[in-house]
Amino acid sequence: MLNSLGLPGRPEDTRVVVAMSGGVDSSVVAGLMKREGYDVVGVTLQLYDHGEAIQRKGACCAGQDIHDARRVAERLGIPHYVLDYESRFKEQVIERFADSYINGETPIPCVTCNQTVKFKDLLETAKDLGADVLVTGHYVRTGMEGNQLAMFRPVDLDRDQSYFLFATTQEQLDFLRFPLGGMTKPEVRELAREFGLEIADKHDSQDICFVPQGRYTDVIAKLRPHAAEPGDIVHVDGRVLGRHEGIIHYTIGQRRGIGVATGDPLYVVHLDADGRRVIVGPKEALATHNLLLREVNWIGSGTLDDLPEEGITVYAKVRSTRPPTEAVLRKSGDNILVELPSGEMGVAPGQACVFFDKEGQEARVLGGGWIQRAEKQEGAEAALKALLGKSWEAAGFPAS
């Protein structure tokens with residue numbers, strides 16, 4: 001007989017470590033586990049020197065959040081530990097974030113945090129505490145697909161966090177549980193009230209937790225004082241339009257605040273880190289139909305080596321706020337490629353491309369990877385090649 005977590009044994013004989021951020025979601029998860037009779041241990045990670053972020057709306061893992069997690073644990077009557085993960089968080093998340101921006105990419109530190117600190121380091125700590133599972137408040141679902149545990153999008157697609165969990169390995173997935181995948185946010189808040197938790201109406205975390213006031217450039221400037229080197233703003237046709245104060249102030253697809261005016265709308269098309277150039281052009285120069293991925297993680301059935309030569313149809317998501325669209329996933333030598341027949345605008349290296357087997361809330365997460373290169377349409381691709389020369393060719397996109 002399996003318990004509600006899909007494990008053999010009675011709940012009281014099953015140790016559950018709950019990752020408690022101090023927010024509503026993870027607090028309710030702890031309450032649910034306690035109510036079902038599991039042996040619950042709450043763990044909160046101190047990830048950074050919260051400083052200015054204390055009591056700031058939209059931030060997580062700050063001082064107030066640790067205090068809130070501790071109060072929730074007291075209310076529920078469960079043991080609670082605060083673990084100092086500052087050094088590993090700085091090394092594995094913040095430092096990588098800064099380097100990615102300096103290299104002209106648009107990083108997603110929340111994915112990196114899940115991939116390293118939470119689902120690697122914390123997971124091992126949970127095992128050291130004798131846990132049978134690590135439980136979190138993420139909005140995704142899991143269930144058996146054949147003989148393996150699979151990840152699916154949640155019932156509440158407005159809360160879908162599968163994009164941020166694409167790097168979860170099969171081994172990690174087998175040890176993780178996500179009880180909120182079948183609930184809506186209003187239902188979760190109502191449970192928080194039933195449990196008598198003071199944080200029932202607390203704001204959701206939205207910003208990058210270690211970026212006070214949302215100014216990521218301040219963080220980069222502090223970590224890499226010489227990162228913001230000035231350079232040229234160049235049109236894709238080769239014209240120098242002006243100067244900038246560092247490519248870290250720009251992202252692919254940006255229109256406002258570029259710093260030049262030509263009469264026609266201009267967008268950031270490419271960031272040339274080596275040449276310290278911000279390359280701009282018309283909106284159509286942003287269109288992308290082919291992606292080259294790196295560090296691809298596969299949690300679908302079989303392996304990537306099983307992909308047929310012509311590839312398979314998937315539904316790809318290149319931004320957390322965009323719905324998955326039909327695409328073709330294929331392998332070319334050692335390269336993993338994604339073809340986007342409908343095209344996407346403003347796709348940047350450093351972002352993630354996550355693939356699903358279908359649309360809607362029944363969709364299974366097959367995996368994903370980091371975008372290494374977004375191939376432009378023919379005209380823009382030729383213009384960038386003319387501007388960048390061998391450095392553009394060296395980006396590694398295989399010939400069609």
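Helices (H or I, at least four residues) and strands (E, at least two) are DSSP runs, numbered from the N terminus. By this definition the protein has nine helices and 17 strands. The structure is a predicted model, in which local features need pLDDT of at least 70 and side-chain atom pairs count only at pLDDT 80 or more, while totals for chains, interfaces and linings use all residues. Residues are numbered from 1 along each chain as its sequence is written, and side-chain values use heavy atoms, with hydrogens and water left out.

The overall dimensions come first. The C-alpha trace spans about 70 × 50 × 35 Å along its principal axes. The radius of gyration is taken over C-alpha atoms, and the globule rule is 2.2 Å times the number of residues to the power 0.38. For 400 residues a compact globule would have a radius of gyration near 21 Å, and the 22 Å of the protein agrees with this. Of the 400 residues, 53% are buried, where buried means under 20% relative accessible area, exposed means over 50%, and partly exposed lies in between (1.4 Å probe, protein chains only). Contact means heavy atoms within 4.5 Å. Among contacts between residues at least 6 apart in sequence, 66% join residues at least 24 apart.

Helix packing is considered next. Two packed helices are described by the angle between their axes and the distance between the axes. Axes are lines fitted to C-alpha atoms, for helices over the stretch in contact, and angles run from 0 to 180 degrees between N-to-C directions. The axes of helix 1 (residues 24-35) and helix 6 (residues 185-194) come within 9 Å and cross at roughly 60°. Angles under 35 degrees count as roughly parallel, over 145 as roughly antiparallel, 65 to 115 as roughly perpendicular and the rest as oblique. Helix 1 and helix 6 are therefore oblique to each other. Their crossing is left-handed; a crossing has this hand if the near helix is turned anticlockwise from the far one by less than a right angle, and is right-handed if clockwise. Helix 1 contributes Val 24, Asp 25, Val 28, Leu 32 and Arg 35 to the contact, and helix 6 contributes Lys 185, Val 188, Arg 189, Leu 191, Ala 192 and Glu 194. By class, these residues are six nonpolar, no polar and five charged. Here Ala, Val, Leu, Ile, Met, Phe, Trp, Tyr, Cys and Pro count as nonpolar, Asp, Glu, Lys and Arg as charged, and the others, Gly among them, as polar.

A second pair consists of helix 3 (residues 86-102) and helix 4 (residues 109-128), whose axes come within 9 Å and cross at roughly 160°. Helix 3 and helix 4 are therefore roughly antiparallel to each other, and their crossing is right-handed. On the side of helix 3 the contact involves Arg 88, Phe 89, Gln 92, Val 93, Arg 96 and Phe 97, which meet Pro 109, Thr 112, Cys 113, Thr 116, Val 117 and Asp 121 of helix 4. This contact has six nonpolar, three polar and three charged residues.

Thr 44 lies in strand 2 and is buried, because its relative accessibility is 2%. Beyond its neighbours within four places in sequence, Thr 44 is in contact with Met 20, Ile 66, Ala 69, His 80, Tyr 81, Val 82 and Leu 83. Tyr 48 is in the loop between strand 2 (39-46) and helix 2 (63-76); at 6% relative accessibility, Tyr 48 also counts as buried.

His 235, in strand 8 (residues 231-235), is buried with a relative accessible area of 10%. Leaving aside neighbours within four places in sequence, the contacts of His 235 are Leu 241, Leu 266, Val 280, Gly 281, Pro 282 and Leu 387. Ala 285 lies in the loop between strand 11 and strand 12 and is buried, at 5% relative accessible area. Not counting residues up to four places away in sequence, Ala 285 touches Val 269, Lys 376 and Ala 380.

Most residues other than glycine have a negative phi. Arg 276, although not a glycine, has a positive phi of about 55°. Arg 276 is found in the loop between strand 10 (267-272) and strand 11 (277-281) and is partly exposed, with a relative accessible area of 38%. Glu 295 likewise has a positive phi, near 50°. Glu 295 is placed in strand 12 (residues 288-298) and is exposed, with a relative accessible area of 54%.
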